[in-house]
Amino acid sequence: MSRSRMAVSFLFRWGTVFLPFAAMPAGARAEPPSLQVPVRCRIGAECFVQNYVDRDPGPGARDFADGRLTYDGHKGTDFRVPDLGAMRRGVAVVAAAPGVVTRIRDGEEDVSIRQSGGAKPGREAGNAVVVDHGSGWETQYSHLRRGSLAVKPGDRVDAGAPLGEIGLSGNTEFPHVDFAVRHDGRVVDPFVGEDKAPGAAPEAEGLWSLQAREVLAYRPSGLLNAGFAAEPPKAEKARDGAYNAERLPADTPALGVWAEFFGGREGDRMSLQVTGPDGRRLHASNGVVPRPLAVLFVGATVPKPAQASPQSWPPGPYRVTVTLSHGKDVVVREERSVELQ
């Protein structure tokens with residue numbers, strides 16, 4: 001058995017600006033829409049809520065549940081996929097309520113600001129769609145995948161109608177859609193509803209439909225992805241989907257193990273426990289989240305079993321158990337495996 005410190009990398013967030021809005025005519029009735037989940041993926045398994053609307057009126061940041069899944073001034077809800085591989089396979093973004101498409105933008109490249117240095121001025125939202133729901137209510141879907149837009153201005157859409165796909169366009173560094181709700185141009189947190197002061201306790205229902213509320217139950221932290229690599233793991237390659245193979249060659253010179261969490265809270269404990277084909281533990285690494293973090297990547301290299309030949313690993317399944325604990329509560333306990341052959 002081996003114990004080692006995990007290599008850790010942190011990820012930070014950048015903001016989004018809205019496309020221009022059209023104000024509601026004076027005297028119109030302000031009936032809020034009932035919102036459906038705006039993505040076609042399993043929340044908590046295939047996609048995750050990374051950030052919520054910032055409810056802190058000052059320079060700090062706090063989400064509607066008094067948690068830290070947001071950043072200062074954030075005006076939407078970020079639905080993300082774990083890596084670029086999932087984005088390339090295609091995850092549909094759909095209309096959250098019936099309405100009319102008023103504005104779109106397409107043609108912006110899908111590239112992280114870590115590579116591009118930032119979006120062009122006025123293009124921070126990337127490829128986007130705005131839907132008017134009447135009575136001054138509208139929703140915006142930002143950072144869509146280039147070339148995926150399925151609507152044009154003037155199209156009437158039903159709830160659940162495809163608008164585009166999750167992308168990496170605009171001012172962002174991870175694949176997601178920023179879902180924003182506005183009424184008469186004012187930001188509305190869909191988990192709270194309108195006319196609630198910043199920092200106030202949320203309403204029981206907000207704007208989500210009953211079904212959507214059940215699906216979108218608040219998760220303060222969780223596991224985005226985990227697995228093995230045929231090398232010491234690198235965060236950027238994991239986020240590019242390079243480490244998702246179910247099988248690796250037994251003669252690989254190194255075996256890496258990694259995990260990526262979201263919503264890590266200061267003092268949370270994390271661990272990676274690796275077992276070999278015979279069930280014996282080969283590696284155990286443990287760490288503590290140093291401060292509240294939006295995303296936390298951890299990685300380690302697994303030592304080869306003493307009985308293994310210099311040229312090859314013992315063939316068979318290798319498993320990693322990933323654990324994240326907050327105080328006495330186990331927040332995450334999941335297993336991933338790879339076959340060496």
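Colleague: Before we start on this predicted model, what counts as a disulfide here?

Modeller: A disulfide is a pair of cysteine sulfur atoms within 2.5 Å. Searching the whole structure turns up one disulfide.

Colleague: Which cysteines form a disulfide, and how far apart are their sulfur atoms?

Modeller: The partners are cysteine 41 and cysteine 47, with 2.0 Å between their sulfur atoms. Their link is right-handed, with 95° about the S-S bond.

Colleague: Is cysteine 41 buried or exposed? And how should I read cysteine 47?

Modeller: Buried means under 20% relative accessible area. Cysteine 41 has 15% relative accessibility, so it counts as buried. Cysteine 47 is at 0%, so it counts as buried as well.

Colleague: Let's turn to the nonpolar cores. Which residues of the largest one touch the most other members?

Modeller: That core has 47 residues, and Val39, Phe79, Val129 and Tyr141 touch the most other members. At least two residues of this core come from each of β3 (48-51), α1, β7 (127-134), β8 (137-144) and β11 (176-183). Another core, of 26 residues, lies apart from it and includes Leu248, Phe261, Leu324 and Leu340.

Colleague: What does phenylalanine 79 touch, not counting residues up to four places away in sequence?

Modeller: Among the residues that phenylalanine 79 touches are Val37, Val39, Ile43, Phe48, Ile166, Phe179, Trp208 and Leu216.

Colleague: Now the largest pocket. What is its volume, and which residues lie nearest its centre?

Modeller: Its volume is about 520 Å³. The lining has 27 residues, and Asp83, Arg89, Asn225, Asn244 and Arg336 lie nearest the centre. By type, the lining of the largest pocket divides into 14 nonpolar, six polar and seven charged residues.

Colleague: Which element gives the largest share of that lining?

Modeller: The strand β13 does, with six residues. The elements α1 (84-89), β13 (222-229) and β20 (329-340) each supply at least two residues of the lining of the largest pocket.

Colleague: Can we finish with one residue? Where is valine 331 found, and what is it in contact with beyond its neighbours within four places in sequence?

Modeller: Valine 331 sits in strand β20. With those neighbours left aside, valine 331 is in contact with Ser221, Arg265, Leu324, Ser325 and His326. Valine 331 counts as partly exposed because its relative accessibility is 30%. From valine 331 to arginine 269, the C-alpha to C-alpha distance is 9.9 Å, with the two 62 residues apart in sequence.

How values were computed:
Residues numbered from 1 in each chain as written. Predicted model: local features only at pLDDT ≥ 70, side-chain atom pairs only at ≥ 80, totals over all residues. Heavy atoms only, no water. 1 Å grid on protein atoms, 1.4 Å probe; cavity = no way out; pocket = protein on both sides within 12 Å on 5 of 7 lines; lining within 4 Å. Points joined across faces, edges and corners; volume = space filled by probe spheres on them. Helix = DSSP H or I, 4+ residues; strand = E, 2+ residues; numbered from the N terminus. Nonpolar A, V, L, I, M, F, W, Y, C, P; charged D, E, K, R; others polar. Buried < 20%, exposed > 50% of the residue type's maximum accessible area, 1.4 Å probe, protein only. Core = buried A, V, L, I, M, F, W, Y, C linked by side-chain atoms within 4.5 Å. Contact = heavy atoms within 4.5 Å.
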